Structures are given as C-alpha cells and as structure tokens.
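This briefing sets out selected features of the structure shown below, grouped by topic for computational work.

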Amino acid sequence: MIKKCLFPAAGYGTRFLPATKAMPKEMLTVVNKPLIQYGVEEAMAAGMTGMAIVTGRGKRAIEDHFDISYELEQQIAGTSKEEQMKDIRHIIDTCTFSYTRQVEMKGLGHAILTGETLVGNEPFGVILADDYCVSEEDPVLLQMVKLYEKYQCSIVAIEEVPADQTYKYGVIGGNEEKPGVFRIQQMVEKPDPEDAPSNLAIIGRYILTPDIFDVLRETSPGRNGELQITDALMSQAEHGRVIGYQFKGQRFDCGSVEGFVEATNYCFENYYKNGK
C-alpha cells in the first residue's frame with residue numbers, strides 16, 4: 001500500500017498576482033475550499049494518510065489550514081457553521097502532516113528531492129495542487145494506485161493536449177500496451193510542437209518509486225537550469241520502468257486564471273449547489 005503523498009507547494013504563483021503576493025497559490029479557493037484541500041482529499045481516497053508538503057517562505061497558511069483552530073471552533077460551537085468544518089476536521093483527525101522548506105526554487109525535480117526526508121524509502125504519490133482533477137469513476141490518484149499494483153514502477157498521468165500547446169508540458173512518447181496505458185520510451189520537457197514526440201502531456205499526478213531520489217541526485221539541471229522530474233523519469237524509462245496512464249476524468253489547470261474560473265464554475269454547478 002502507498003501511504004504517503006508529496007505536495008510540492010513552494011512556488012510563487014506569479015500568474016495570480018497580486019492575490020498571491022501574501023497568500024499561497026495552493027490556498028486559492030475553488031468555491032469554498034482551497035486547492036490543496038482538494039488534493040489532500042484525493043490522496044486520502046487513494047488510501048494515503050501521510051501528507052508530505054514541500055513549502056517555502058510565505059506558506060504558513062497551509063500549515064495553519066491543516067491544524068485545529070481552537071478559537072474558531074469555540075466561536076462556532078453549537079451553530080450551523082460547525083457542519084462547514086466537518087471535512088477539514090476529518091482530514092486533521094485522519095492524516096499526519098509533515099513539512100519541509102525548499103529554500104531555492106530549482107524546479108519540480110528539486111522540490112521532489114527536497115521531500116525525500118519526509119517520504120523515506122517507499123513508493124509515494126505526488127499531487128500538484130494546481131491541477132484539479134475530477135472523475136465520475138475512481139479519483140485519478142486511486143486509478144493510478146490500482147495500476148501501480150500491477151506494474152510496480154513509476155507512473156505518470158497523461159492527457160491529450162492540442163498539438164500547439166505542447167510547449168507548456170512534459171510530453172511522452174511510447175508504446176500503448178493496452179488502451180490508455182503506455183510504456184514510456186521518450187519524455188521531453190516543454191518541447192516546441194515540431195519537436196514533440198506526441199500530444200500526450202504529463203499532468204500533476206505521479207506515483208514514484210523511491211529510487212527516483214538517487215536518480216535525481218545524479219541528474220544534471222535541464223531546461224532553464226532547473227532540475228526536471230521528466231529528465232529523472234527518462235532515466236527510469238530507459239529501463240522500461242515508467243508507465244504513462246491516460247486517466248479517466250477531467251483536469252482543470254488552476255495555475256491559469258481561465259482554468260481556475262472553469263474549475264470554480266464546475267464545482268459550483270456540480271457540488272456546491274447540491275450542498276456537497
């Protein structure tokens with residue numbers, strides 16, 4: 001069983017300035033719940049209760065959110081507002097949260113490597129809270145956990161994107177072993193459309209085997225001088241040890257204003273109106 005999920009949450013969120021000047025982008029709310037809480041709930045649905053969060057300066061609000069606020073709870077005790085705290089109290093009571101800081105922003109690979117002290121020598125999930133995922137079937141990370149039980153190797157979630165948008169993503173190439181499951185042979189970080197091996201892009205859901213930490217230590221900085229997780233995964237892929245999974249569901253890119261608004265509208269129409 002995979003018990004831990006890593007949340008890289010040290011980025012500045014510059015696409016949402018000035019809102020993110022003093023507030024973590026992971027705490028931006030989709031209707032009435034912060035993005036990172038949606039991610040934690042998805043990890044819990046996949047059976048993970050150890051939440052490992054890589055933060056940076058100005059991110060204390062994340063720690064405070066996943067902690068008990070005795071003053072607030074005393075203030076709303078016995079009122080209808082108590083029901084609105086039910087979900088977050090269940091998370092706090094069920095999960096263990098640990099934190100470490102990424103002192104320098106050196107890429108996603110570096111953020112994941114920074115989390116090694118929290119994860120240890122075991123397979124783990126990774127959720128980028130910017131990517132809000134919904135599914136009418138199992139949550140996306142649970143779909144991936146079930147796939148891991150069969151393949152026992154690193155797994156990345158992928159989706160088709162417009163060919164002219166490949167420069168925004170890590171893009172994979174490989175053999176489709178069965179519908180939606182690819183044995184990855186090639187991974188390119190943010191390629192120009194003419195250089196992309198496909199239009200299958202990696203999104204913010206991973207299951208990684210613990211040897212990824214040693215691989216990251218041996219990986220040289222790549223695009224923009226950053227330590228790229230795609231470069232490290234490519235080292236595993238050379239040994240046939242990475243699966244790309246075309247997940248069932250829908251992703252909202254909440255790192256962009258347009259995607260954030262789309263996610264908000266979706267949640268309001270499908271959940272909040274129904275009192276969920």
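Asp 253 touches Arg 15, Asp 130, Asp 131, Gly 259 and Phe 260, leaving out residues up to four places away in sequence. The structure is a predicted model. Asp 253 lies in strand 13, and its relative accessibility of 24% makes it partly exposed.

**Surroundings of Asp 253**

- A polar atom of the Asp 253 side chain lies 3.1 Å from the backbone nitrogen of Gly 255.
- Between Asp 253 and Pro 139 the C-alpha to C-alpha distance is 17 Å, and the two residues are 114 residues apart in sequence.

**Largest pocket**

- The volume of the largest pocket is about 1,400 Å³.
- The lining comprises 50 residues, of which Arg 15, Lys 25, Leu 128, Asp 130 and Lys 190 are the closest to the pocket centre.
- Sorted by class, the lining of the largest pocket contains 21 nonpolar, 14 polar and 15 charged residues.
- At least two lining residues each come from helix 5 (108–114), strand 11 (200–208), helix 9 (229–237), strand 13 (250–253) and helix 10 (257–270).
- Strand 11 gives the most to this lining, with 4 residues.

**Aromatic pairs**

- The structure holds 6 aromatic pairs.
- In one of them, Phe 16 and Phe 260 have ring centres 5.5 Å apart and ring planes at 70°, so the pair is edge-to-face; the angle is over the 60 degrees required for that class.
- This pair links distant parts of the chain, with Phe 16 in the loop between strand 1 and strand 2 and Phe 260 in helix 10, 244 residues apart.
- Phe 16 and Phe 260 are both buried.
- Phe 252 and Tyr 266 form a tilted aromatic pair, with 5.3 Å from centre to centre and 45° between the planes.
- Because Phe 252 belongs to strand 13 and Tyr 266 to helix 10, their pair ties together parts that are 14 residues apart in sequence.
- Phe 252 is buried, at 4% relative accessibility, whereas Tyr 266 is partly exposed, with a relative accessible area of 22%.
- Tyr 38, Tyr 132, Phe 252 and Tyr 266 are linked by ring pairs into a cluster.

**Helix 1**

- Helix 1 (residues 35–45) is largely enclosed by the rest of the structure, because 9 of its 11 residues are buried.
- Its buried residues are Leu 35, Ile 36, Gln 37, Tyr 38, Gly 39, Val 40, Glu 42, Ala 43 and Met 44.
- Gly 47, which has a positive phi near 90°, follows helix 1.

**Glu 159**

- Glu 159 is found in strand 8 (residues 154–160).
- With a relative accessible area of 16%, Glu 159 is buried, because the value falls under the 20% limit for that class.
- The side chain of Glu 159 makes a polar contact with the side chain of Arg 251, at 2.7 Å.
- Apart from neighbours within four places in sequence, Glu 159 is in contact with Asn 199, Leu 200, Ala 201, Ile 203, Phe 247 and Arg 251.

**Backbone geometry**

- The peptide bond from Leu 17 to Pro 18 is cis, and its omega is near 5°.
- Pro 18 is part of the loop between strand 1 (4–8) and strand 2 (29–30).
- Val 31, a residue other than glycine, has a positive phi near 65°.
- The position of Val 31 is in the loop between strand 2 and strand 3 (33–34), and its relative accessibility of 27% counts as partly exposed.
- Gln 152 is a residue other than glycine with a positive phi, near 55°.
- Gln 152 sits in the loop between helix 7 (140–151) and strand 8, where it counts as partly exposed at 40% relative accessibility.

Definitions and conventions: Residues numbered from 1 in each chain as written. Predicted model: local features only at pLDDT ≥ 70, side-chain atom pairs only at ≥ 80, totals over all residues. Heavy atoms only, no water. Buried < 20%, exposed > 50% of the residue type's maximum accessible area, 1.4 Å probe, protein only. Polar contact = N/O pair within 3.5 Å; in protein donor to acceptor, adjacent residues only side chain to side chain. Contact = heavy atoms within 4.5 Å. 1 Å grid on protein atoms, 1.4 Å probe; cavity = no way out; pocket = protein on both sides within 12 Å on 5 of 7 lines; lining within 4 Å. Points joined across faces, edges and corners; volume = space filled by probe spheres on them. Nonpolar A, V, L, I, M, F, W, Y, C, P; charged D, E, K, R; others polar. Phe/Tyr/Trp six-rings, centres within 6.5 Å; stacked < 30°, edge-to-face > 60°.
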